[in-house]
Each structure stands twice: as C-alpha cells, then as structure tokens.
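Student: I would like to learn how to read the features of a structure like this one. Please show it first, then take me through it.

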Amino acid sequence: MLAGLRQGRYSALALLAAAFGGALAGVALSLDLATSTASGRQELALSACAAIIALALAALFVAKVMRDHRRLAQSEQRFRRAMHDSPIGVAIVGLDGSLLETNPAFASMLGYTSAELNALSLFDITHPDDLSLGSSMMAAIRRGEIDTYRFEKRYLRADGTAVWTLLSGSVISDEATGRPVYLVSQVEDIDARKRAEARIAEAETRWNFALASAGQGIWDLDKRKGGITYSATWMHMLGYEAGELDGDPDHWLTLVHPDDRARVEAADSAHRAGLTPHFEAEFRMRRKDGSWIWILDRGKVIERGEEGRVIRAIGRLTDITARKETEERLRVSAALLADEKERLRVTLQSIGDAVICTDANNRITFMNPVAEKLTGQSCANVLGSPLESAYRAVDEETGHPLDPRQATGEVNASPNNRAVLVRHNDTRCSIRQVVSPIVSENGGFGGSVIVFQDFTDARALQRQLAYAASHDALTGLANRSSFIRRMEELALSACDGVEHQFMFIDLDHFKAVNDTSGHAAGDALLKQVAGRLRATLGPDNIVARLGGDEFAAILTAADADTARAAAQAIIDAIRAVDFQWSGVRHAIGASIGLATIRADSGAVDEIIARADAACYAAKAAGRGCAFVASAESRSRPADIEPQQPASSAAG
C-alpha cells in the first residue's frame, strides 16, 4: 500500500512537469509569432495567460493529490500501529488460507514468532476437528455470500495443544470488481472461558446427579416470573411430569397431609414474616397416585420487596420416607429392648455365676452380686471404670495377663479353664471364665460379657487327677501310659536327620531286696533309684517307671555316643546307691538296652522290643552293662550289635 502511495506521488510530479513544459512551449511559439505581427503579440499575451492558468491548476491538483496520499499514509500507519499494538490477535488472510500478515499478539497466543507464523497457512494452525468449518467459510466468501463472520474455533499452538478462540472479521473486496481479495480477522483467546464453562457444566451435571441420587429436589419461588418452579427430579419423585405443578405458589400446601398442614403453614408463615432465619419442616406429602411420602423441606427467602414482601425464595426438598420408617422401627425396637434389658438385668442378678459386662472401650457397664463377691469390688464404685480396676486375670501356667478383648476375636464365646483372678489385696483364686463378644448390627465390636466361676477346688482336683493319670504313684516319674504317648509323639516328629535315644533300664538283684527285706524296703529303694535317674539325666530328658523294677528313659535329640555315655553314668549312679533296711545293706545294679528312635525305626512297640532284647543281652553278658540294639532289621528286634558293651562289670 505504501508503494502505491509513492507511485501516486511520482505521477503528480510528472503531471506538473508536463504542464510546465507545455506552457513554456506555448510561450516560445507565441514569441516567434509576436516578432512578425501585432496580432502575434496579442496571441503571445493570451498564451502567457493560459500557461499561467494551466500551471496554477496543475499545482492545485498536485497539492490535492499529495494531501490525499498523506492522509492515506497516515491512515495505513495508524492501522499498522493498531494492529501491531493490539492485545487481540489480528491476521490478514488470503483466500487460499495463506497468512499474509499477523500481529505479535496472535503469534504469542500460538507460541510462534511472527516470522514463523507468517510462513504457515491458516489450515496448518487449525485444529483438525475445525478444518471443515474454515473450509466451508472460505467457499462461502469466494461465492460472495458473506462479507463478515464471527464464530468460535480452535487453533493449534506450536507445542500441539489446542486453544479456543473467538474469530471475527471482515472480507476486503476490490473496489473496481467487488471480488473478495483478502480477510482481516480478529482472534480473541477464550480458552479460559471455555474451560470454565466446561467445569461449570460438569459441576452442574454432578449437582443434578447428586440431588437425584439423594432423593432431593429444588423449588424456586420468583414473584417476578409469576410463581414457583420445581426441579424435574422432584416432579418425578411425586409422580408428576416436569412443570406440571409449576405456577401457583400455594398449591403445594394442598398436597400436605391434613394432620401436618397446620404445623407446616405456621412454620411457613413465620419465615415469610421474618420471624425465623429459615423455613424447615418435616411432613407427609401426597403423590399423584395417592400414596404418601415423608418430606424434609428446607428453604429461605433471599429477596424481599417493600414492607418485607417476599420476592424470591429457594429451597430443597428431601425424601425422608426411609428414615422415618427406620425411626419408627427403632422406636418399637427401643421399647422392646428396654423390656428385654430389664428381664436380662433381673436374670443376671439372680444366677449363680459371676457376670461382668464391658463396652467397646473395655469399661465396666455391669456387675452382678456374684462378681462383686469374687472380685471384692462393688458395681457402684467401678461402673464406667476400666475392666482392670475390678477384674484382672492371668494365665495359671505362664502368669501372663489375659486380655478379654483378645479372647473375643471370634464371634463365638471363648472359654478359658486356666485363668487365675488376681484381686486388689493380692489374693488369688482359680476361675473358669467364658468371654463372649458383643457384636453390633454392622458387625463391629461393641464390648464383651465375662462369665466366670470360682474354680479353685475343681482346679486343684483336676491337677491331682491329671498328675495321677500321668505319673507313677510311688516314684513320681512318668508312668507307662504317659511315657508311651510321649514316645509316640517323638517317633512321629523324628525326621530330617533328627533322632532320639531310648533306654530300657532293668535293675539287677532287686528281687533279693523284696524277698529279704519286704516290699516296703523295695518301694523305698525304687524311690532312691528314681531320684538317681532324674539327677543323672537332668530335666531335659524323659524318665519313666514302666512297672516293677523296670525303668525307661528318652534322650531327646541325642546321638548314639551320647546315649552310651548316659547309660554308663546311670549304671555307675545305681551301683553307687548305698541302701540299708533294718540294718541290712543291699547292693543293686542296672542292665540297659539302647535303641535309636528315627523316622525309619518303626512303631513304638518295635523300638521298645529291640531295647528290651538288648537289655536281656546285657544281663546275659554278666549284668551291669549296656547293649545297643541293631536297627537294620525291624523284623528282628532282638538283634544286638556285635560290639563291646558300655560296661562289663557285673552287678
């Protein structure tokens, strides 16, 4: 455009020069004629006047042309300055989509430099989903159907991300032909607005969904719009079509249950009069099919006119039918529970067992008289206190505290027959306790019920019976049955190279003691032998009396060499027994048969038979020694390893 202005200026100067030259030529010609005649002189004067007039007109024309061109130049400069400084993107676009010129704001919006952007076309920077929109608009412009435009589209930034814009502009046409030449577009960045609109739409969708899911609706009273409107969700809950109840602001009161209407009208009137900060009421409302649902209505006047007249109010309606039905069931259940609780209290007060109840925090909520007697605490003093303030139980064998909460991991009751109640005065009594959990409706732990009895006498009797059942009454050693059970357990557990050693011990010359000094002497001697065996083998090994003068022992996790050394120690210890009865000294000895307990040793009876056979072999070899049974053949338990006995000394 500036080049055109310069060209026009040069043309005006050429016109002025031509006019001046023509005038000079006319004057010169007139001078030639003037020299010859008087009429020539007259023509010379006329020519001079004409030349002056032509020069004046040419000068005026040139001056006008120059002024017009200056105005055009200033206008173009203002346009370019406005385009360059505009905070909104501006682009001059050819009809083929080429970017003829762009301003810095447009380049910055898309993350390009102006040079980079001008090298691209409109289609290069348009989002693929909006290309058809631009193509159809260009086609309409070529056909002359539109000369202005305004629409939203997405451009692509240099990093490939999309940006929403508002595109508006005009079509520039040729003045002579009227055909479109190029477009001048203004591009406004509306990406933030579009994102905000999307967030608002998403929030509104979530809000409507939340209201529908929660059984809630919205009412909006606007006197300017002529009445009240209800949300579609609420209309659906009442069985009406959307908009069916809109309009009359007082119609809703006709749907309220007659028993609730007066109360609801009073609450509504009080809020309309400004006596309450908001309106809230629970009432029954009739659905279109005639059924009733419970409603929680909360609302508030948000705009008042003159003299406090209500202009605008809004509120929320919630279907609380399920809650009301639950409350009614709870009311009935509470009455039944109160009766049941009283019967339970009377029952617990009258039973012979001690009962303590706790809550989920292990605090005492109830103690019956028997529990007060056994614990030495009154219910009035410990009610609401931690359980430990009245009831502290420990394990009889380990002495570790018993926490009733750990005993209620299962839903079923957890009995414990090894509990000992430790009172505050440090006295103790054995108890039998049963701890039962209290499970709430949702399956959570709600506390526990502890039922216990004084089990001191029964526990003592149990211990006596258990001891008598597993120990020899004379020596206090394990008896045959308990020893065999223990041996069977060890035989089953002998694996992975672990082995145990079994000893069959038979006393030598014991019969002579019974025959000469009587059975009382024999019993006394057997007690001494039992003591020697315990002392020699120690507490880690198992010693038993099988019957008569036969004893047995198991060396746990021991090898054959250890067994031979232990056998020799037993032989030496029994030989050293100095036993006198009624002035008569008796000397005894011991013969021992050894057998290994391994995974492949066979049944317990077979192991005992092999050791028994080895013991008889030791007696046959002269007594007072130990033989080791061969374990190579389980079918020949009497096989004795042909090796030197542990001791060959005779007893």
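Tutor: Begin with the elements. Helices (H or I, at least four residues) and strands (E, at least two) are DSSP runs, numbered from the N terminus. This is a predicted model, in which local features need pLDDT of at least 70, side-chain atom pairs count only at pLDDT 80 or more, and totals for chains, interfaces and linings use all residues. Residues are numbered from 1 along each chain as its sequence is written, and side-chain values use heavy atoms, with hydrogens and water left out.

Student: How many helices and strands are there in the protein chain?

Tutor: The protein chain holds 17 helices and 23 strands.

Student: What share of the protein chain counts as buried?

Tutor: Take the cut-offs first. Buried means under 20% relative accessible area, exposed over 50%, and partly exposed in between (1.4 Å probe, protein chains only). Here 37% of the 651 residues are buried.

Student: And what do contacts say about the protein chain?

Tutor: A contact means heavy atoms within 4.5 Å. Take the contacts with a separation of 6 or more: 52% of them join residues 24 or more positions apart.

Student: Now a single helix. What span does α5 reach?

Tutor: The expected span of a helix is 1.5 Å times one less than its number of residues. Helix α5 covers residues 131-142, 12 residues in total. From first C-alpha to last, α5 reaches 17 Å, close to the expected 16 Å.

Student: Which residues of α5 are buried?

Tutor: Gly134, Met137, Met138, Ala140 and Ile141. Seen down the axis of α5, these buried residues fall within an arc of 160 degrees, so they line one face of the helix. The arc is that of the directions from the helix axis to the C-beta atoms.

Student: What covers the buried residues of α5?

Tutor: The cover includes strands β1 (89-94), β3 (148-156), β4 (162-173) and β5 (180-189). Just after α5 comes Gly144, with a positive phi of about 75 degrees.

Student: Which residues lie closest to the centre of the largest cavity?

Tutor: The largest cavity has a volume of about 270 Å³. Of its 25 lining residues, Trp219, Ile228, Trp252, Asp268 and Asp297 are the closest to the centre. Strand β9 (292-304) gives the largest share of the lining, 4 residues. The lining divides into 18 nonpolar, 3 polar and 4 charged residues. For these classes, Ala, Val, Leu, Ile, Met, Phe, Trp, Tyr, Cys and Pro count as nonpolar, Asp, Glu, Lys and Arg as charged, and the others, Gly among them, as polar.

Student: What lines the second largest cavity?

Tutor: This cavity, of about 70 Å³, is lined by 13 residues. Val93, Leu122, Tyr155, Leu167 and Ser185 lie nearest its centre. β1, α5, β3 and β5 each supply at least two lining residues, and β5 gives the most, with 3. The lining has 12 nonpolar residues, 1 polar and no charged.

Student: And which elements line the largest pocket?

Tutor: The largest pocket holds about 520 Å³ of space. Of its 15 lining residues, Leu337, Lys341, Leu344, Cys357 and Ile438 are the closest to its centre. The elements giving two or more residues are α9 (321-350), β11 (354-359), β12 (364-367) and β15 (428-439). Helix α9 gives the largest share, 6 residues. The lining holds 8 nonpolar, 2 polar and 5 charged residues.

Technical notes: On a 1 Å grid over the protein atoms alone, a cavity is a set of points where a 1.4 Å probe fits but cannot get out, and a pocket is an open set with protein on both sides within 12 Å along at least five of seven lines; lining residues have an atom within 4 Å of a point. Grid points are joined across faces, edges and corners, and a volume is the space filled by probe spheres set on the points.
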